[in-house]
Amino acid sequence: MDLKYSPTDIEQKWQRHWEETKTFAVTEDRAKRKYYLLEMFPYPSGRIHMGHVRNYSIGDVVGRFKRMRGFNVLHPMGWDAFGMPAENAAIQNKSHPATWTYENIAYMRGQLKKMGLSYDWGRELATCDPEYYRWEQRIFLEMYAKGLAYKKTSFVNWCPQCETVLANEQVEDGGCWRCASPVTQKELDQWFFRITEYAEELLEWTDRLPGWPERVLVMQRNWIGKSFGCEIDFPLEGGTGAIRVFTTRQDTLFGATFMSLAPEHPLAAELTTPERRGEVEAFIDKVKKTERIKRTAEEFEKEGVFTGSWCINPLTGARMPVYLANFVLMEYGTGAVMAVPTHDQRDFEFAGKYSLPMQVVIQPAGETLDPAAMTAAFTEAGTMVNSGRFDGMASEAAKEAIADYLQSEGIGRKTVNFRLRDWGISRQRYWGNPIPIIYCDSCGVVPVPEKDLPVRLPMDVEFTGEGGSPLAKLESFGNVPCPLCGKPARRESDTMDTFVQSSWYFLRYCCPEFTEGPLDRERVDYWMSVDQYIGGIEHAVLHLLYARFFTKVLRDLGYIGCDEPFTNLLTQGMVIKDGAKMSKSKGNVVDPNALIDKYGADTARLFSLFAAPPEKDLDWSDQGVDGSFRFLNRVWKLVHDRLDLIRDAGAPELSALTPEERILRRAVHKTIRKVTEDIEGRFHFNTAIASVMELLNTLQTAESNTPQGGAVMKEALESMVLLLAPFVPHISEELWQRLGHGTPLSGSAWPEYDRDAVVEEELLVVIQVNGKLRSKVTVPVGTDEEAVKSLALADEKVLPFIEGKEVRKVICVPGKLVNIVVG
RNA sequence: GCCCGGAUGGCGGAACUGGUAGACGCAAGGGACUUAAAAUCCCUCGGUCGAAAGACUGUGCCGGUUCGAUCCCGGCUCCGGGCACCA
């Protein structure tokens, strides 16, 4: 038998065992409590990095622990396999994105297997597989039928060099992330998912996800951005019609002195008088060229232009000049803003620049504002002035009163507004899921019939890197007969955003080979929701919001029964080295392969779990890795050193234990309790591991030449090995076997602590004088309060501090401390 | 600007409900073993004073509540993250 710990050999041995016996394959089993554990699946970029190692190590602890506790654990893995990098690699290497992607998947799968993760590999899926994306196309068509997928013209980020649309996150400093050319705005016909339809529900449920980190929920609430206010109509002067605005500050309506429209506002052209036309058009042109990238500008200057037209303040009757303003967004509210320069900072700056009138309508307490003397808008609450019948009211109350008044007069109505916009999913890219739509000159927009699904990505495509989407140029793909009339028609050449695939993959894991539809409801209902989801915080809004949206859509389409996809969410921190996130450019990358080759997967896992709690950033330390390796060697050595001692031992005879053995056994069972609580309640793996290290230190010094010594040590070692199993499964399996077990540890139950064993016989009581530690005494359990007090008052270390002083009070916390108050 | 986090030894971190601050690990120093080194094992390890016993001090800063505060409250400083013309 090997006396030296040799991770490579034992890790291969057990990985093979788990694979051959399909240890982690699961099916629905109604006799057991189910537990769906999921880590965010990786993009197959080439090789795994330390962030993956950490993410999947955390998940594996939970999975193996729950499994040992008797849960039916679903723990799947797959690949987020569509995306731009594959296409770029194809352009560079003159190959095909599919080749690159599948090679990466094969390599990374091997890496994950080397980590010994407890996945049910039978459920593996790749989103670029037609057997996956075909169902997504079907879901798209059902959403289209219900009006949840629709096409509209909108402004998008456009790279003129690459001739393609870029997602917001693909724009860096106003330029294309690939070629750095300046990104412009282009108006394009694009497909959208109507996520705004679910804004209210998505928001409401953020209060019903107690298992999510609060900051993620806050970010989602901010992103959805619900606000309460009014829509108000401002009649146009000398004409018919009105300008409708949205405002949350209807209490300032009497102070509205001009009107600001978004440059894209449909009324902009109509309201522009002939003599103003030249100036207005120049302004619109300028805004179109510069807008959106304004995000990166620090303080974008407020600019505008007068249209030449006027509208009327419905409450004051005052004439208000209608301006176009660069800071007014067409996408939010109605694209028109009533300008109240005294009580809105943007309007204040704008009015100053163009010398527009100002009227104070809210006064702060104990102060009288003078528009001429103001240096900034007053945006807080106060008392209403210059507001007719509302004068003297508190502005907060006036909000409600004015809203009611507007509604009764038919001038406006109360409304809510959301910041959330519909999700633009069109991508002018090849390596994505084709949108299953055909355009026919006679029949219009025609869905691809279900019998023709999937619309497959053609493989005979050249990747030159020039001229936009290869799909748009491929005649054999684009030219199709219209499914309705049979006349020549054109296929949609855009593909779907890759976030669409990751919005429902967790559902497909429940029934990955199902061929009759996207989802097998019975099986999905058994497994869903995901009991624990684990991944990076960077997806706090995008992926996690989209997945929630999709879950609700699929529920409403009748595919599933649950409202929310993820009951509990753990967002793990980044892996840091030398004070910075690991990156090639910083040269601080740790390669998982090298780490595993040198120390084994168990050490890699152990260190990434021990160095910090999961949600915090993890500071990588090569010496720390050495320490984890040393610990495993000590575990290995201790078990082997004690093998002779425990060979013939049975269960300990509790009544025959010596005091030392009782103390040792107490340490064992307290460790079981501690590790169990740390994993189960808090995911504090670092402290769980620390307590096993303490136990090891205790066991190493234990003398065991008594009759029950072997039995107590055997129980101790077996418990230790079981407790370590979720963290370092390979060495645990091997030691379990060497301890004489014929059946593998992976089939064993998690140890239960003995409630009698953990009860202390003696307690350490701390003695304080005026809150300062002065002495400690050990007393038998059950010593009454008075006895402890008199012990404390007579303690020789305490006496000097109370002699000659009046004892005012003695506070006694049973079993913990005595505090003597003197003065 | 607004909204969240966070700040504890040389370092990563622990202290669960207000009750021994610094568990566990790393680094460092000393020692044992060795011809020597590595590995391993043992000891010390917040600061100041002290030969020691011990005393004082100490959880970003200032103040408060309390018998007692890393923990609760008020006011700051710094760091990290998110949102940012959202009407």
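Mentor: Start with the inventory: chain A contains 26 helices and 35 strands. Keep in mind that this is a predicted model. Along the principal axes, the C-alpha atoms of chain A fill a box of roughly 105 × 85 × 50 Å. Of the 823 residues in chain A, 42% are buried. Among contacts in chain A with a separation of 6 or more, 70% join residues 24 or more positions apart.

Now to the helix itself. α22 has 17 residues, and at 1.5 Å a residue they should span 24 Å. The end C-alpha atoms of α22 are 25 Å apart, which agrees.

In α22, Phe685, Ala688, Ile689, Val692, Leu695 and Leu699 are buried. Seen down the axis of α22, these buried residues fall within an arc of 110°, so they line one face of the helix. Asn697 and Thr701 lie on the other side of α22, and they are exposed.

What does the buried face meet? The buried residues of α22 pack against α2 (50–68), α19 (601–610), α20, α21 (659–682) and α23.

Take α23 from that list. The 16 residues of α23 should span 22 Å at 1.5 Å a residue, and its end C-alpha atoms are 22 Å apart, which agrees. In α23, 16 of the 16 residues are buried, so this helix is largely enclosed by the rest of the structure.

The largest nonpolar core has 147 residues. Leu507, Leu632 and Leu724 have the most contacts inside this core. Helix α23 (residues 709–724) gives the core its largest share, 10 residues. Follow Leu724: apart from neighbours within four places in sequence, Leu724 is in contact with Val635, Val692 and Ser732. Val692 is one of the buried residues of α22. A second core is separate, has 48 residues, and includes Ile243, Phe254, Ile362 and Ile402.

Now turn to the RNA. In total, 61 residues surround RNA strand B. The closest are Thr247, Phe300, Gln623, Gly627 and Gly771. α22 (685–701) is among the elements that give two or more residues to the surface near RNA strand B. Others include α7 (214–224), α20 (622–646), β10 (227–235) and β32 (762–769). By class, that surface has 21 nonpolar, 22 polar and 18 charged residues.

The buried residues of α5 include Tyr132, Trp135, Glu136 and Phe140. The buried residues of α5 pack against β4 (125–126), β5 (149–159), β21 (433–434), α14 (498–501) and α15 (505–508). Just after α5, Gly147 takes a positive phi of about 80°.

Finish with a loop residue. Asp531 lies between α16 (521–527) and β27 (532–536). Asp531 counts as buried because it has 21 C-beta neighbours inside 10 Å; the cut-off is 20 or more. Not counting residues up to four places away in sequence, Asp531 touches Tyr35, Tyr36, Leu37, Thr567 and Asn568. Asp531 and Leu569 are 38 residues apart in sequence, yet 8.4 Å apart in space, C-alpha to C-alpha.

Definitions and conventions: Residues are numbered from 1 along each chain as its sequence is written. Chains are lettered from A and ligands numbered from 1 in the order in which they are written. This is a predicted model: local features need pLDDT of at least 70, side-chain atom pairs count only at pLDDT 80 or more; totals for chains, interfaces and linings use all residues. A residue is near a molecule or strand if its C-beta atom, placed from the backbone, lies within 6 Å of it. Helices (H or I, at least four residues) and strands (E, at least two) are DSSP runs, numbered from the N terminus. Ala, Val, Leu, Ile, Met, Phe, Trp, Tyr, Cys and Pro count as nonpolar, Asp, Glu, Lys and Arg as charged, and the others, Gly among them, as polar. A nonpolar core is a set of buried Ala, Val, Leu, Ile, Met, Phe, Trp, Tyr and Cys residues joined through C-beta atoms within 7 Å. A residue is buried if 20 or more other C-beta atoms lie within 10 Å of its own, exposed if 12 or fewer, and partly exposed in between; C-beta atoms are placed from the backbone. Two residues are in contact if their C-beta atoms, placed from the backbone, lie within 7 Å. The expected span of a helix is 1.5 Å times one less than its number of residues. The arc is that of the directions from the helix axis to the C-beta atoms.
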